[in-house]
Amino acid sequence: LADGRPFLASEAIDGQLLSVRLGRTGAMHLNEARPLLEEPESAQPDRLQAHSIEQLNAALAAASDGTHRVRHDLHSLVVQLEVRRGKMHLHEAERLLDSPGLSAADLRRCEQIVQEIAKKAGDISDFELRWIVEDIQQKLEDRRHQKEQDHRNNRLAAAQQLFDQAKYAADLAQASQRVNEILAIPAYNNDTEALQLRSQIQDEERRLRTTTEKIEQAKRSLRNGNFNGAQETLQLLDSPSRLLRTDIERLLNLVEDLINAEDQENDNPQLALGIYEKAGASGVDLGASLTTAVRRCRNNLIQQVEEEVNRLLHAVIPDVQTVRQRLSEVRTRVCEQSVEQEQRMTQMETLAARKEQIAQAITILGQAGDATHAVALLRGIRQQVPQSELEKSDEGWLVLAQARVALNQGRLEETARLLQDVLPGLRTTAACTRLQNDLNMAQETAQQVGTAVAALDRLLTAPSPDFAAAVQIVRQLTQDNPLTQRVRRA
């Protein structure tokens with residue numbers, strides 16, 4: 001067959017039985033048997049066995065009543081044929097043994113041939129055949145030993161490679177199996193290299209079991225929220241298994257991140273929340289401890305943002321843009337919020353919307369724009385918000401806006417009175433400073449105009465009016481305000 005195993009094929013032919021032939025013609029004569037030995041040397045040994053030996057044995061059995069010489073000659077022919085057949089089989093075995101690609105099936109075939117021929121050689125007492133058998137047996141033993149050595153070397157190399165490149169416990173088990181296959185060979189049951197490698201594998205298996213137990217212990221500590229305990233368990237691990245070295249380093253990094261996040265929960269909850277979310281995606285089961293830590297961070301983050309938002313929105317000039325940005329970041333970061341957290345976020349967003357209108361009014365006042373629109377915005381807020389929720393700064397901005405409107409309309413005394421009512425905190429703002437400067441300029445202009453008007457009145461009501469001097473005074477009044485406009489019209 002293709003894998004080296006022998007097989008037997010038979011075919012039915014149209015012929016007579018040996019018993020029929022013997023009954024018809026009698027036993028084969030010696031002279032009839034002699035030509036059978038004239039087969040060529042290249043004849044197959046199985047064919048010699050099938051035709052020659054069986055027929056000679058049949059003739060020998062039929063000549064049981066014949067003369068001693070006939071029986072001796074027939075027996076000699078059988079022996080010669082057996083020797084010839086044995087030599088041919090032994091040559092076949094020798095050819096197989098000398099072939100470089102000797103398979104296990106070929107080796108078993110050679111052993112079978114040698115065993116059969118050795119028994120025949122003992123029965124027929126042929127020394128040459130015995131010598132050939134002994135020679136073939138030695139070759140067979142050498143090849144068997146070589147096969148065992150090759151088997152040992154291949155198994156040892158495979159076991160060493162599995163051990164050196166082991167990533168899982170199954171790799172160590174396969175390496176141990178290869179070593180045990182070597183030690184199962186009688187000639188190598190005390191092989192030094194195999195025993196040494198087995199000892200290394202067993203040591204690594206023990207370290208693997210110990211390391212696995214410590215990792216599981218650390219993971220239990222993590223699930224219980226004891227991050228420092230998990231770190232201590234991993235750091236005290238002596239001689240960890242090289243198969244789990246990467247897992248230990250990854251777990252240690254995770255533990256250090258969790259400890260850092262725990263320390264940052266109050267001071268920097270946004271950073272801590274990011275670390276916890278990253279830890280949740282690491283594949284390590286952190287159990288309820290992670291859920292609790294994330295909830296704490298979200299509460300701390302919203303509380304921190306709430307304090308910052310109140311500080312920014314309740315300032316003299318609300319920083320609505322920064323507040324909007326911070327609230328958006330919280331919305332993005334805290335995707336899942338509790339009902340209480342959602343209520344707090346809604347309150348902050350409502351306050352930001354109100355303060356945004358105040359910021360628009362402040363912008364208008366700072367740029368000396370349409371103060372009437374600023375007053376409308378501030379009064380609208382006053383109508384929307386309960387009196388108890390109104391802030392003094394909101395009322396102060398409304399007073400400042402009314403003062404700007406009074407100034408724009410030329411009511412200087414009312415503007416000065418309103419400015420006196422402005423809160424101290426608003427007096428340093430750009431809008432209030434600009435309004436005060438504009439008021440001072442308007443008052444100075446009014447004084448100049450008053451003086452000019454009195455001079456004009458004297459010049460024009462004199463017995464001899466000085467029109468040239470009056471025109472010069474009018475030209476000096478260049479300020480574009482209600483007073484100068486009135487003078488120019490006069």
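The legends below describe close-up views of a predicted model.

View 1. The largest nonpolar core comprises 59 residues, of which Leu 222, Leu 251, Leu 258 and Tyr 276 touch the most other members. Helix α12, spanning residues 287–313, gives the most to this core, with 10 residues. Beyond residues up to four places away in sequence, Tyr 276 touches Phe 227, Leu 258, Ala 261, Glu 262 and Glu 265, and also Leu 290, Ala 293, Val 294, Arg 296 and Cys 297. A second core, separate and made up of 29 residues, includes Ile 358, Ile 362, Leu 378 and Ala 401.

**View 2. Helix α9 and the elements that cover it.** The buried residues in α9 are Phe 227, Gly 229, Ala 230, Gln 231, Thr 233 and Leu 234. Their cover includes α8 (192–223), α10 and α11 (269–280). Gln 231 has its place in this helix, which runs over residues 227–235. Gln 231 has a relative accessible area of 17% and therefore counts as buried, the cut-off being under 20%. Apart from neighbours within four places in sequence, Gln 231 is in contact with Leu 252, Val 255, Glu 256 and Ile 259.

View 3. Ser 239 lies in the loop between α9 and α10, the latter covering residues 245–264. The phi angle of Ser 239 is near 50°, a positive value in a residue other than glycine. Ser 239 counts as exposed because its relative accessibility is 53%, where the cut-off is over 50%.

**View 4. The salt bridge between Asp 191 and Arg 152.** The side chains of Asp 191 and Arg 152 meet in a salt bridge, with an N to O distance of 3.1 Å. The pair links distant parts of the chain, 39 residues apart: Asp 191 is in the loop between α7 (169–183) and α8, whereas Arg 152 is in helix α6 (residues 127–164). Asp 191 is buried, with a relative accessible area of 11%, and Arg 152 is also buried, at 11% relative accessibility. Salt bridges link Arg 152, Asp 191 and Glu 193 in a network. The structure as a whole holds 16 salt bridges.

View 5. Glu 340 and Arg 344 both belong to helix α14 (residues 339–366) and are four residues apart, about one turn of the helix. Glu 340 counts as partly exposed at 40% relative accessibility, whereas Arg 344 counts as buried at 14%. An α-helix has 3.6 residues a turn, so residues three or four places apart point the same way.

**View 6. A charge over an aromatic ring.** The charged end of Arg 242 sits over the ring of Phe 163, at 4.7 Å from the ring centre. As for pairs between aromatic rings, the structure holds zero.

Key:
Residues numbered from 1 in each chain as written. Predicted model: local features only at pLDDT ≥ 70, side-chain atom pairs only at ≥ 80, totals over all residues. Heavy atoms only, no water. Phe/Tyr/Trp six-rings, centres within 6.5 Å; stacked < 30°, edge-to-face > 60°. Lys NZ or Arg CZ within 6 Å of the ring centre and 35° of its normal. Helix = DSSP H or I, 4+ residues; strand = E, 2+ residues; numbered from the N terminus. Buried < 20%, exposed > 50% of the residue type's maximum accessible area, 1.4 Å probe, protein only. Contact = heavy atoms within 4.5 Å. Core = buried A, V, L, I, M, F, W, Y, C linked by side-chain atoms within 4.5 Å. Salt bridge = Lys/Arg side-chain N within 4 Å of Asp/Glu carboxyl O.
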